[in-house]
Amino acid sequence: MKYSPLLALALALAPDVAGAAPSADARREIAQLIGSLDGSQCQFQRNGSWYGPADARSHLQRKYDYLLKKNMVDTAEQFIERAASQSSMSGKAYRIRCPGQAEQTSAAWFGARLQALRQRTP
C-alpha cells in the first residue's frame, strides 16, 4: 500500500501513544499525591468555593483520568501543572488551607508533597 506524502508526514508527526503513558513510578507518585488529601483536614478551593478532602480527591482523580485518556500526563510534575494547579474552566488557581498552616496555592502544596515523597522513597 502506498501512502500519500501528506499522510506519511501526519503519521510521522503523530505522538507515540504508547510512549505517552506514565511510568509505574509516576503513577505511584500521582496516586500518593491525590491520596495525600485523605485525612489531611485540609480544605481545597476551586472557583471560589471550599471543598473537603474527599470532594477534592474525587475532583482531582476525575481530572487525572481525563488527562490519562488524552495522553496528556506522564509525570507527577505534569499532573500538578495540568490537573492540580488551576481550574480548566476558569483558569483560577486552586488553593489549599490546612489547620495550623498558611493558605497556599495547591501547586505549592502538591509540589512540597512530591518533594517529600521523593525524599522518603529510594
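Which residues does Leu-37 touch, not counting residues up to four places away in sequence? Keep that one in mind while you look around; point 5 has the answer.

1. **What you are looking at.** First things first: this is a predicted model. The chain has five helices and four strands. Starting from the N terminus, the elements come in the order α-α-β-β-α-α-β-β-α.

2. **The chain as a whole.** There are 122 residues in the chain, and buried ones make up 30% of them. Now take the contacts with a separation of 6 or more: 56% of them are between residues 24 or more positions apart.

3. **H2 against H3.** Two packed helices are described by the angle between their axes and the distance between the axes. For H2 and helix H3 (residues 53-69), the angle is about 155° and the axes are 9 Å apart. Angles over 145 degrees count as roughly antiparallel, so H2 and H3 are roughly antiparallel to each other. On the H2 side, the residues in this contact are Arg-27, Ile-30, Ile-34 and Gly-35. They meet Arg-57, Leu-60, Gln-61, Tyr-64 and Leu-68 in H3. Sorted by kind, the residues of this H2 and H3 contact are five nonpolar, two polar and two charged.

4. **H2 against H5.** Helix H2 (residues 24-35) also packs with helix H5 (residues 106-120), at an angle of about 125° and with the axes 10 Å apart. That angle makes H2 oblique to H5. The crossing of H2 and H5 is right-handed. From H2, the residues taking part are Glu-29, Gln-32 and Leu-33. Their partners in H5 are Phe-110, Arg-113, Leu-114, Leu-117 and Arg-118. The residues of the H2 and H5 contact split into four nonpolar, one polar and three charged.

5. **Leu-37, as promised.** You'll find Leu-37 in the loop between H2 and E1. Is Leu-37 buried or exposed? Its relative accessibility is 1%, so Leu-37 counts as buried. Leaving out residues up to four places away in sequence, Leu-37 touches Pro-53, Ala-56, Arg-57, Leu-60, Ile-96, Trp-109 and Phe-110. Pick out Ala-56 from that list: Leu-37 and Ala-56 are 19 residues apart along the chain, and their C-alpha atoms are separated by 7.6 Å.

6. **Ala-83, another loop residue.** Ala-83 sits in the loop between H4 and strand E3 (95-97). With a relative accessible area of 0%, Ala-83 is buried. Setting aside residues up to four places away in sequence, Ala-83 touches Leu-60, Lys-63, Leu-67, Gln-78 and Tyr-94. Leu-60 turns up in the list for Leu-37 as well. How many residues apart in sequence are Ala-83 and Tyr-64? They are 19 residues apart in sequence, and 6.3 Å apart in space from C-alpha to C-alpha.

7. **Arg-118 in H5.** Arg-118 belongs to helix H5. At 36% relative accessibility, Arg-118 counts as partly exposed. Apart from residues up to four places away in sequence, Arg-118 touches Glu-29, Ala-76 and Glu-77. Arg-118 and Glu-29 are 89 residues apart in sequence, yet 8.5 Å apart in space, C-alpha to C-alpha.

8. **Two Asn residues with positive phi.** Asn-47 has a phi near 50°, a positive value in a residue other than glycine. Look for Asn-47 in the loop between strand E1 (43-46) and strand E2 (49-51). Its relative accessibility is 36%, so Asn-47 counts as partly exposed. Where is Asn-71 found? Asn-71 is in the loop between H3 and helix H4 (76-82). Asn-71 isn't a glycine, although its phi is positive, at about 55°. Asn-71 counts as partly exposed because its relative accessibility is 33%.

Conventions. Residues numbered from 1 in each chain as written. Predicted model: local features only at pLDDT ≥ 70, side-chain atom pairs only at ≥ 80, totals over all residues. Heavy atoms only, no water. Axes fitted to C-alpha atoms, helices over the stretch in contact; angles between N-to-C directions. Parallel < 35°, antiparallel > 145°, perpendicular 65-115°, else oblique. Left-handed = near helix turned anticlockwise from the far one by under 90°. Contact = heavy atoms within 4.5 Å. Nonpolar A, V, L, I, M, F, W, Y, C, P; charged D, E, K, R; others polar. Buried < 20%, exposed > 50% of the residue type's maximum accessible area, 1.4 Å probe, protein only.
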